[in-house]
Amino acid sequence: MSESAIEFRDVVKSFAKTDGGRQMILDHVNFTIPVGKTTVIAGGSGQGKSVTLKLILGLMPVDSGQILVSGVDMTGLRGRALEQLRTRFGVLFQGAALFDSLSVFENVALPLRERTTKSEQEIREQVMAILTQLELTGHEEKFPAQLSGGMRKRVGLARALQLKPEIMLFDEPTTGLDPAMTEDIYNLFARTQKQVGYTAVIVSHDIPKVFRLADQIVVLNAGKTDVFASPEAMQKSQEPHIHAFVESTMGTVNK
Amino acid sequence: MVFKQGEGGMQRNPVEKLGETGLYVLQDMGRMGLYLWLAIKGIFRRPFRFAEFMRQMHFIGAGSVMVIFFTAASTGMVLGLQGYYSLHKFGAEGMLGSAVSLTLIMELGPVLTAIMVAGRAGSAMCAELGIMRISEQIDALECMAVDPFRYLISPKFLATLVSVPLLTALFDVVGITGGYIAGVKLMGVNPGSYLEGMRTSVTNHDIWLGTIKSFVFALLVVWICTGRGYLVYQIRGAGFGAQSVSRVTTQAVVYSSIAVLIFDYLLTAVLL
């Protein structure tokens, strides 16, 4: 069994409903995300995929349970200890979450300026190197509003990779992109993962395409999880809800 | 009394609703209290963002000079005219300088400056932070292990705390000059009595009172305005997306203006 980068132990997360009750998002969930592999978190809308990412990052508290990151329970961490743990992560948000008032260069340079003691010259060299690698040269003075959706994702990826993360989290990375751009972005993920060697966690609706990157699949359904070692194992599952999910997301591809 | 159960689920009775509102208010106060603590703590956290502090000083302070200038000139001139007509009835026009300067230094200067800054810069700070929150920019900062308080909020706090007392001083000077123009140049009050009345009646205590008020009002404005934007998702009834930002921005300006007026009375009662 491979070493785990992230481990969910009996995690419970719920939200208050307007009628005073609780909506259960994760109900005593257990799974592990292996080091150096790509795990895809799949599931229908509202099943808690993005919440799972926010729990991993400590952006939301769990109701109960533990989330271990490289063996450290991050659910009890606060302040600088949590900040320190977050330096291990890179995140590509759904909308890229670029800072509107900063240029592409300034966006990508921000983590280096804030988290390292590098000189301006070193920062410039490192930023230009990653912009070249992600085919963004010539756009460094542009602002996020002047970029296409695909380019914004590339800039977001460049920024996330600056501190050489051990774990990369991708939240719906291809939402709003056309098929060609989607293909391009997934190729970029595969390439950068090979170069940097990070553990990837991808939350996506884009099931057929993202599955080709997956080493493991976690399906969220009604607060519970089903873990599959490969897309093929998932497709062979006889569980009715998995079968229905595969049919609804991959059926048209398989036919 | 029987409370019917609605089709959509349990319908809560008024006591439950009151309790829920009470709990929400307590939670909100706790969140805002914690927010204030983290924002003030962020001012002392290194590295200090001097460039961002100067940018905020320019936006909140220098950017508000014109609106403060015109508000102060108008207020001072109106005070000069109104004061003249009131004092003239008792043959006490010579007290005009004293009346205008004390009113401006102790009350109107700090209050109107804070309300103007809330409307101009406070609303902008609230909307900026609200948009950053809904577009996950603040989450992105946290994920990069960058403290959003030190990076975003604390420079705004410090710049407001420095700018508002300075703007209040400007307000007082322009307002007193406006009162002088209206009273002396237009209505014919003796210039010597206007200036001498001001010199003899305004004490250091009055100036300190105005300064303390402007400092407290600055804290209220920046706390409420940035806090509403930063906590946009935790505010009941704010909704989601662009609508939530517009709602909390309105709320920020209204709440901070009301807070300024309430604290104006409290500070006057305590410090006068």
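User: A residue is buried if 20 or more other C-beta atoms, placed from the backbone, lie within 10 Å of its own C-beta, exposed if 12 or fewer do, and partly exposed in between. What share of chain A is buried?

Analyst: The model is predicted, with local features needing pLDDT of at least 70, side-chain atom pairs counting only at pLDDT 80 or more, and totals for chains, interfaces and linings using all residues. Residues are numbered from 1 along each chain as its sequence is written, while chains are lettered from A and ligands numbered from 1 in the order written. Of the 255 residues in chain A, the buried share is 36%.

User: What is the radius of gyration of chain A?

Analyst: The C-alpha trace of chain A spans about 55 × 45 × 45 Å along its principal axes. For 255 residues, a compact globule (2.2 Å times the number of residues to the power 0.38, over C-alpha atoms) would come near 18 Å. Chain A agrees with this, because its radius of gyration is 19 Å.

User: Which residue of β2(A) stands opposite A:Phe8?

Analyst: Strand β1 (residues 4-16) of chain A runs antiparallel to β2(A), joined by nine bridges. Opposite A:Phe8 stands A:Phe31.

Terms used: Two strands pair if DSSP finds at least two bridges between them. Helices (H or I, at least four residues) and strands (E, at least two) are DSSP runs, numbered from the N terminus.
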